[in-house]
Structure formats: C-alpha cells, structure tokens
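Student: I have a new model open. Can you walk me through how to read it?

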Amino acid sequence: MLQARPDEAAGRIDHAVLDVRDVRVRYGGVEAVSGAALKIEAPQVVGLIGPNGAGKSSLLAAIGGQAQSASGSVVLLGEDVTRLPPHRRARLGIIRTFQTAGVFDGLTAFENLLVAGVGEEGSTLRAALGTRAQSRRRTQAASDLARQVLEEFEIWHIADLYGRELSGGQRRLVEIARCLMRSPKLLLLDEPTVGVAPHLVDRIGEHCKRIRESGVAILIVEHSMEVISTICDRVIVMASGQVIDDGPFDVVMQSGSVKEAYLA
Amino acid sequence: MSFYLSTIVVYFGADLMAAWGLNMQFGWAGVPNFAFIVFQAAGAYTYATVTLGPSGGVTAFQHYIFGANLPFPLPFIVSALAGGVVALVLGLITLRPLRRDYQAAVFLLFAVIAVDVVSADVNLFNGSNGLAAVPQPLAGIQNSLGLGGYQWLYAAFVVVICAAVLTLIRALGRSGWQRALRAARDDEPAARALGINAPVLRLQVFVIGGMIAGLSGGLLVGLISAWSPGGWQYSETFAVLTGIILGGISNDWGVLIGTFLVQIAFQELTALFLPQIGYPGLSDALVWVVIGLLWLVVLYFRPRGIWPERRMRVNNAPPKPVERGGL
C-alpha cells in the first residue's frame, strides 16, 4: 500500500528525500528559523527536538509550505519546492500533521480519509461534473484503501463518527492514518503524541515504525524523549532557530547539546 | 386565489434556488456571504435590461445601461452569467486567506454599498425607482392562455428550472469536490496540506452559487416585471440564511423545508393574513425581529436544523460518540 512505485524509486534513488539548506523563517521582525539545514534519506525516522521557541514547528512549516522561507532552499527528491504553495508540495509527497490535530470536524473519520484518498483529480469540479461511473470507480478505490488503513490502525469502529465526535487520541490516529492515503514520500509529524493517552502513544510509535518500513521518511517534532528514543533513527537538535546537533539519539544525548539547548 | 397560488409557486421556486445556491457557498464552503442578495439583484437587473430594449423610446421614463431585446430563453442565461461575473469579481477580492469574520464584514459592507450606489446613480438602473414594465418571457402566448393560464405555465417553467438546479446540486453534492470544500471549510491549512487547492475550489463554488442566484433574480423579474433597490436590501440575505439554518445546513431537503417555512409560510402569509398593528410599517418591522429571534432560537435548541446533514455511513454498527477529552 505504501510502497513507492518501482519506476519512481529507480529514477530518484540518487537524491535525498529531503534536503533543506539555509532556511530562514521570519514573522514580522522575529526570525524563528535562522539558516537551518538538514538532510533526510529514506527510510528514516528523524526526531526534531529543542525547547519551546527553538523554531521546530516553523521549520516544519517551511518544509510543508505553510510558512515561506525568506532564503535558502527546500528540495524534495531532487526537486526544488521552495516556492511552491502547500497543496503543490503535498501533491509531490510532503504530507504533514499539525500541532493541533487538523481533523475535519464536519466530515466522518472515513470521509476524512476519503478526502485525501481521491487525490487532486478526484477533487476537481471537472470530476464532479463527469460521469457517475467514473466518480464511482475513483471513490471505490479510495474507499477500499480507507477501510484498509482504518483497520490497520484499529479504528474502523469509529469510521462513521464525525471529527467533532472523536476523542483527542482518536483525532491523532485519524490524522496520521489520513496522511497515508496520499502515499507520502516524506511525513512531517508535529507533536503527534501531545494529549494522547499512554497506550495510544505506543500505538502511534508502532505506526511510525511501520510507515518507515514501507519506505517513507518521517520528520517528527516531539517533546517526549521516550518516544524519540524508541522510534527515531536520528535526532536533530534545534535552539534559537538553528540546528545545533544531529546524530543518533544516544550520541546526541551524551554530547551535551540537548542540555545546552534547554538551559540556554 | 389561483393567481395568488401561482405567484407563490414562482416566489418559492426562486427563493429555494437562491437558498440552495447560498447553501453551497455557506454550508459547503463556509463562506459567510452576506452579500448574496446582490448576485440575485445582478441577475434581476440584467434580465430587465436585456429585455427592455434600448434605453429611451417607449421606456423613456426610465434610464438604464446595456439596453437590448434578447429573445427567450437568452435573458435567463445572461442573468445567470451576470450573477456569476459579480461573484467572480467579488470572490477574487474577498476569498483570499482572510479571517472569516472579516470576510463577513466585507460582504455585508459590499451589500450595503451596492444598494446605495444603484439607488444614487439614476443612469445605472433607474436609481431608487428601479426598473418597471419589464417584458415577461414569451408574453405573446398570454393572449391564447389568458393571464392565469400563462402564470401557471410560468410557474411550471420555474419548477422545471428548480428541478434542474437541484439535479446539478445533488450531483455536485455527491462528489469529491464537495467533500474537499467541506474539508477546507473545517480546516484550510490541513486541507491544503493534503493537496487540496482550497482557494480555487472556493472561488468555483462561489461563482456557481452566484450564477444560481442570478438565475433566480431573472426568474423573479420575469414574473413581477419590476425590480428596485427596495427589494434587495442586505437583510434579504438573512432571510435566506434563516431558512437554511432552520431547515438544516448542507441538506437540500432541509433547506427546502426551511425556505418554505421562512420565506413562504412566515413572510408571505403573515403579510397577507395578519392585521396591521400600530403605526404603518410596524408589522413589517416586527417580521424582521421575529426572523432574528427565530435564528437565535434555532441555533440554541437545534443548531443543525430541522433536517440535519446526512451522515455518510460505511460501518453498520457505529459506536456512540465518546466524550471529548476521553481516550
């Protein structure tokens, strides 16, 4: 389900999934990210940690397109996406979740997945005005996949609940499951375990590992060191808008950069 | 009575069409279009000017632009296009990433300014007197059918158009496009992050809604043969919205019921059967007070309306919703 197509994989094997160079994000006079750089190869789960205000979410926004980078570049699989709007980046494979789960409250959990699953072709006005047979075929394929993903996430029983009727943990799971409907190449997760019950935190961790095994790179912003140590292959530390350390969890922890960042 | 009933059928058809159009914009896409009535007015004025013939001559008592003499059914098509064009221009300006409350304020102001401009500029659509003596479509057949028969034929025509609009809306309502619009309505950044080009989709639904409103305006003028600023005050949009909220946002049949209750049962019948009380105009003003109260009562006791949006069911035994903040 999540495997990259062989031709795509073959054509892009030389490129890193994500190559971020000298990215700067400014909000008015404040520079939230000051020349950050990072590179991610697939399949890897990379943790992005740092104190509040370090620029983690802003960096994620610069990669996803929610914030414009004032300088530098964001390159996905060899393609420069720095100036592309978020929906274009999503179509190229950068899919993300948000700090506050971005579940669509007026859609059922199943529809939340379906809206991602029919893709941009299925969401056009032209498709809406097309023949019923065409639209039924497209919806059927997306419906089958949505059911499969919901079952894998063990949340099929909440398929018919509206987003507004879900608990905090269920919202997180639906949001992550929804990402998989788009066949992402890079998954950006912004604090996916905040406000989630402990047993669901473990499940989210397991899903991350499974997603990585299917060949998808994940960049995860997370405050829980337990989660980071369990699922991440690598950890990037940010402080004051800059990347100050990058390496395996144990090495980074021993280098003192984390302590330095949090005490700065 | 028969004449009155056929008039009511036309009013209801045009109001219902407008309500479905506004429901697409407000219910599906979340656009707080408080200027909706302006699109209907654009269609109505356009219908009038393209059927009245060139300004001057027998219509010298009124001034207007774009005078033409288009044959049936072109005036209706042009009136729909006019509604669409106004929606396109307004949409390009207002549908940018702007907070929804600001958007609502812009729409409301636009509606107020539009009425003022049209009232003040006599050369545009004859100012506050409005346009009168607008030819009815295929007026020649009135001689053979009689006025009553003609009016019932026109009512049937409106019903057919209404059914066609409903067919279009229901086809769109089942589509991935509509689902994407609802997603962008609920959380635009999340929708865009899934590849949905929300601003374009919203502009599309805005223009389609505008075209439906324009068509409804054309159909109204085709019956009443006159249109003036008094008939499209900004408050009219709230009457349409009250019908949508009372009936059930995003439910076509709910909107039908709500529109009937507010626009026909309440507004028309009270105007006809309730005695005038107090000073002249007090009863009419009270009708608006009651519409405002109705809105509040519905939002408090039944926020999703009489006939709420239908939930898509794929799982035969859905569990009960959990409490917020639970597991």
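Tutor: Start with a definition: domain bounds come from an automatic or database domain assignment. Keep in mind that this model is predicted.

Student: Into which domains is chain A divided?

Tutor: There are domain 1 (6-103 + 182-263) and domain 2 (105-165). Taken over C-alpha atoms, the centres of domain 1 of chain A and domain 2 of chain A are separated by 27 Å.

Student: How many residues does the contact take from domain 1 of chain A and from domain 2 of chain A?

Tutor: Domain 1 of chain A gives 4 residues, and domain 2 of chain A gives 6 residues. On the side of domain 1 of chain A that touches domain 2 of chain A, 1 residue is nonpolar, 1 is polar and 2 are charged.

Student: Now the interface between chains. How is its size given?

Tutor: The size of an interface is often given as the accessible area lost when the parts come together.

Student: Where is confidence lowest and where is it highest in chain A?

Tutor: Begin with the average: chain A has a pLDDT of 88, and 94% of the residues score at least 70. Confidence is lowest in helix α1 (residues 6-11) of chain A, with a mean of 46. Helix α2 (residues 56-64) of chain A is highest, at 96. Over residues 1-12 of chain A, pLDDT stays under 50. For those residues the model has 14 contacts beyond four places in sequence.

Definitions and conventions: Residues are numbered from 1 along each chain as its sequence is written. Chains are lettered from A and ligands numbered from 1 in the order in which they are written. This is a predicted model: local features need pLDDT of at least 70, side-chain atom pairs count only at pLDDT 80 or more; totals for chains, interfaces and linings use all residues. Two residues are in contact if their C-beta atoms, placed from the backbone, lie within 7 Å. Ala, Val, Leu, Ile, Met, Phe, Trp, Tyr, Cys and Pro count as nonpolar, Asp, Glu, Lys and Arg as charged, and the others, Gly among them, as polar. pLDDT is the predictor's confidence in each residue, from 0 to 100. Helices (H or I, at least four residues) and strands (E, at least two) are DSSP runs, numbered from the N terminus.
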